[in-house]
Amino acid sequence: MKYSSVAVPATATLMLLIVLAPAAEAAIACSDVIKDLRPCVNYLVNGSGMPPAACCTGASNLASSASTSADKKAACECIKTAAKKLNPNPQLAKGLPGNCKISLPFTVSPNVDCSKHAFIT
């Protein structure tokens, strides 16, 4: 089986994030956030155009499951940590919620300040 040169590091990074992710007090776990957004990794790093359907399904699942303020803040922190490691294309990351027809109270970015968002339930 032949692996692409991007898929192996991206998968390894996500697995590392799952293992090293700090436990959050919120109901949503970083491992759940990573699981939902895993189909988006290749698109966010190397893609163009519209995100794949599996990516939008995962993003929609995440948006639905992060229902409380604590969940949204935990998801924001997890996505921020993952974005620092993966270095996504900023335009694709910023456009992901709109392209998937979901709403996130923060931008998918390694520079987002999760403490400055009003995570209203």
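This is a predicted model: local features need pLDDT of at least 70, side-chain atom pairs count only at pLDDT 80 or more; totals for chains, interfaces and linings use all residues.
Me: What makes the meeting of α2 and α5 a contact, and which residues form it?
Reply: Contact means heavy atoms within 4.5 Å. On the α2 side the contact is made by C30, V33, I34 and L37, and on the α5 side by A75, C78, I79 and A82. By class, this contact has 8 nonpolar residues, with no polar and no charged ones.

Me: Why are α2 and α4 called roughly antiparallel?
Reply: Their axes cross at roughly 150°. Angles over 145 degrees count as roughly antiparallel, and therefore α2 and α4 are given that description. The axes of α2 and α4 come within 7 Å.

Me: How do you know which classes of residue make up the contact of α2 with α4?
Reply: V33, D36 and L37 in α2 meet G58, A59, N61, L62 and S65 in α4. Ala, Val and Leu count as nonpolar and Asp as charged, while Gly is among the polar ones. The residues of this contact divide into 4 nonpolar, 3 polar and 1 charged.

Me: What makes a space in this model count as a cavity, and how many are there of 30 Å³ or more?
Reply: A cavity is a set of points where a 1.4 Å probe fits but cannot get out. By this rule there are 2 cavities of 30 Å³ or more.

Me: How do you know which helices line the largest cavity?
Reply: Lining residues have an atom within 4 Å of a point. The largest cavity has 15 such residues, with L37, V41, L44, A82 and L86 nearest its centre. At least two lining residues come from each of α2, α3 (41-46) and α5, and α5 supplies the largest share, 4 residues. The lining divides into 14 nonpolar, no polar and 1 charged.

Me: What makes up the lining of the second largest cavity?
Reply: This cavity is lined by L37, A59, L62, I79, L96, P97, I102, L104 and V108. Helices α4 (53-65) and α6 (90-99) each supply at least two of the lining residues. Ala, Val, Leu, Ile and Pro count as nonpolar, so the lining comes to 9 nonpolar, no polar and no charged residues.

Conventions:
Residues are numbered from 1 along each chain as its sequence is written. Side-chain values use heavy atoms; hydrogens and water are left out. On a 1 Å grid over the protein atoms alone, a cavity is a set of points where a 1.4 Å probe fits but cannot get out, and a pocket is an open set with protein on both sides within 12 Å along at least five of seven lines; lining residues have an atom within 4 Å of a point. Grid points are joined across faces, edges and corners, and a volume is the space filled by probe spheres set on the points. Axes are lines fitted to C-alpha atoms, for helices over the stretch in contact, and angles run from 0 to 180 degrees between N-to-C directions. Angles under 35 degrees count as roughly parallel, over 145 as roughly antiparallel, 65 to 115 as roughly perpendicular and the rest as oblique.
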